[in-house]
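Subject: Model for your files

Dear colleague,

Please find the model below, with the sequence alongside. My notes on it follow.

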Amino acid sequence: MKGEKQEIHRIKPIRCIVKLGGAAITCKNELEKINEENLDVVSSQLRQAMMPGRSPSMKVLGMDWSKRHGESEVSCNIDDFVHNANVDSSRFVVIHGAGSFGHFQASKSGVHKGGLDQSLVKAGFVATRISVTTLNLEVVRALAREGIPSIGMSPFSCGWSTKEKNIASADLAAVDKAIDSGFIPVLHGDAVLDKLQGCSILSGDVIIRHLAAHLKPEYVVFLTDVFGVYDRPPTEPNAVLLREIAVGKDGKWSVVKPELQNMDKQVETTVAAHDTTGGMETKIAEAAMIARLGIDVYIVKAATNHALRALSGELRDKRDNIPDDWLGTVIRFVS
């Protein structure tokens, strides 16, 4: 009826929301350069996790029917799809960071600080969106080549906006409909309009927390360029990998494993000079808010067997006894 909000009733629950860290899929210190090797491995592992019933001998039916750089022809064999049964995929949602895409343009122009009335900021807003949507297309193509029915969805184009850098509005109808139709939505950090300062940068970590509250997945996986959360920058000597972090009802978190000598010591984080989204500190804060919803969060190094085990749901199945040979950080709610 007119004026009533239409609800989408999903046939299956969402299994997992995945965050592809920008530093894991791009060469973060080289402007707009994709880490193609990592992205290919991540895409392959996502296929394995999304399609657990698929036989290893089954041919991958690629869905990127466009010409690739350096190739003369379009790769497409329609007969493969006609003569193969459709393989149902688990319900996943993918969000990726920007890495070496977008951050440079945003920081140079001050988009994250607002001020669309300034020509530099407006130009930077356009430049930032060109950069991040370019990366989004390449991520979607990489997933599509693995037979994953992925659909790129930009927050700006879907009507997401902020107020004082917090989400003010997010039309999730398009995401719901894409999922209900059997697609894998692929969102990304984006330049969006802000109700008070004109514009801002909406990070992928904030997006994933908002989607987790709406979609209520079984678990969430952050794929990063390091093995997890450390007690100090992992490049420093004697940095300790935090295996398990507990989040209480008040949102405060504490390290459960391993037992640190100085439990009052705050976890140290570093943020790259051009990173306008807060880096690891934002990631931990958003992960803690997701855990408060009763959703386990795994932070793990991308393109490793540890990542595949997290993506496949193995750790959730063994949540009371995380294997000692798994490297990563578990963040979960403790009542």
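How many aromatic pairs does a search of the whole structure find? The search finds 3, where rings of Phe, Tyr and Trp (its six-membered ring) pair if their centres lie within 6.5 Å, and planes under 30 degrees apart count as stacked, over 60 as edge-to-face and the rest as tilted. One of them is formed by Y219 and Y298: the ring centres are 6.3 Å apart and the planes stand at 65°, so this pair is edge-to-face. Y219 belongs to strand 9 and Y298 to strand 12, so the pair ties together parts that are 79 residues apart in sequence.

Before the rest, the conventions. This is a predicted model, in which local features need pLDDT of at least 70 and side-chain atom pairs count only at pLDDT 80 or more, while totals for chains, interfaces and linings use all residues. Residues are numbered from 1 along each chain as its sequence is written, and side-chain values use heavy atoms, with hydrogens and water left out. Helices (H or I, at least four residues) and strands (E, at least two) are DSSP runs, numbered from the N terminus. Two strands pair if DSSP finds at least two bridges between them.

Strand 9 (residues 219–224) pairs with strand 12 (residues 296–301) in the parallel sense over 6 bridges, and T224 stands opposite K301 of strand 12.

Helix 2 and helix 5

The axes of helix 2 and helix 5 (residues 119–145) come within 9 Å and cross at roughly 50°. The two helices are therefore oblique to each other (angles under 35 degrees count as roughly parallel, over 145 as roughly antiparallel, 65 to 115 as roughly perpendicular and the rest as oblique). On the helix 2 side the contact is made by L39, D40, S43 and L46, and on the helix 5 side by E138, V139, A142, L143 and R145. These residues divide into 5 nonpolar, 1 polar and 3 charged, with Ala, Val, Leu, Ile, Met, Phe, Trp, Tyr, Cys and Pro counted as nonpolar, Asp, Glu, Lys and Arg as charged, and the others, Gly among them, as polar.

Strand 4 (residues 161–163) and strand 5 (residues 166–169) run antiparallel and are joined by 3 bridges, with I167 as the bridge partner of T162. They form a hairpin with 2 residues between them, and E164 in the turn has a positive phi of about 55°. Strand 7 (residues 190–194) and strand 8 also run antiparallel, over 5 bridges; V192 has S200 as its bridge partner there.

Backbone points

The peptide bond from K257 to P258 is cis, with omega near -10°. P258 is placed in the loop between strand 11 and helix 8 (279–291). E32 has a positive phi of about 50° although it is not a glycine, and lies in the loop between helix 1 (22–25) and helix 2.

Regards

How values were computed: Axes fitted to C-alpha atoms, helices over the stretch in contact; angles between N-to-C directions. Contact = heavy atoms within 4.5 Å.
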